[in-house]
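Welcome! Please have a look at the sequence and the fold below before reading on.

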Amino acid sequence: MELKKQFSDKALQDFKLIDQATLEKDQQAYAMLMERYKKPVYHMILKMVRNVDDAEDLTIEAFAKAFKNLHKFKKDYTFSTWLFRIATNNAIDFIRKKKLDTMSLDTSFKDDNGDSVTIDVEDNNLNPQEEAIKSQKIELIQMFVTKLPAKYQRLVRLRYFSEYSYEEIAKELDAPLGTVKAQLHRARELLYDLVKNKKEHI
């Protein structure tokens, strides 16, 4: 078959998982895709933003966006290439919004065929798109946040929707900074589970 000649075994396995996830509604297929790529996506984003908490946030967003649009994926290239570009563009949007100067454009990775995947940096003038991007991110996370335990929902809303810093959240809730970080870390773990399993409840 032509696909076998063009793609690696891992890429073909990804295609099978995508079919199981989108056509057969196999929840385990989503979990396996996330298990395969969670670490490399996280480490790539971490190189770009150089902040552990932001990298974890952006990794969740990347998978949420990828899984939401998985039915649109076409097997013209590998899943890893598609996923990494979603994650990269999401991180670039974040960097521009925060006006960070920490991104290294030398950050690169190889897809399953060993080919280098370049980072496509678009024009800086994103003003007409910024609100749409923000709304899309809120929509993606909103799909899952209402399923979190109540004590985590306010934290997540302050962090993602109101865009509070960790220090601002601690002040708002009159809680120690360490407690806020620990609880947000746990909230992110629960969000990972929701994104990959699409559970109706926890």
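## Aromatic rings

Keep in mind that this is a predicted model. A search through the whole structure turns up nine aromatic pairs. In one of them, the ring centres of Phe73 and Trp82 are 5.3 Å apart and the planes meet at 65 degrees; since an angle over 60 counts as edge-to-face, so does this pair.

Are these two residues buried or exposed? Phe73 has a relative accessible area of 10%, so with the cut-off at under 20% Phe73 is buried. Trp82 is buried too, at 15% relative accessibility. Both belong to one aromatic cluster, formed by Phe7, Phe15, Tyr37, Phe73, Tyr77, Phe79 and Trp82.

## A charge over a ring

Another ring to visit is that of Tyr166: Lys181 lies over its face, 5.9 Å from the ring centre.

## Helix α5

Helix α5 runs over residues 79-98, which makes 20 residues. From first C-alpha to last, α5 reaches 29 Å, close to the 28 Å expected at 1.5 Å a residue. Of its 20 residues, 16 are buried, so α5 is largely enclosed by the rest of the structure.

## Helices α2 and α3

How do α2 and α3 pack, and at what angle? Helix α2 (residues 9-22) meets helix α3 (residues 27-49) at about 145 degrees, and their axes are 8 Å apart. Their crossing is left-handed. On the α2 side, the contact is made by Lys10, Gln13, Asp14, Leu17, Ile18, Gln20 and Ala21. From α3 come Ala29, Tyr30, Met32, Leu33, Arg36 and Tyr37. Tyr37 is also one of the residues in the aromatic cluster.

Note on methods
Residues numbered from 1 in each chain as written. Predicted model: local features only at pLDDT ≥ 70, side-chain atom pairs only at ≥ 80, totals over all residues. Heavy atoms only, no water. Phe/Tyr/Trp six-rings, centres within 6.5 Å; stacked < 30°, edge-to-face > 60°. Buried < 20%, exposed > 50% of the residue type's maximum accessible area, 1.4 Å probe, protein only. Lys NZ or Arg CZ within 6 Å of the ring centre and 35° of its normal. Helix = DSSP H or I, 4+ residues; strand = E, 2+ residues; numbered from the N terminus. Expected span 1.5 Å × (residues − 1). Axes fitted to C-alpha atoms, helices over the stretch in contact; angles between N-to-C directions. Left-handed = near helix turned anticlockwise from the far one by under 90°. Contact = heavy atoms within 4.5 Å.
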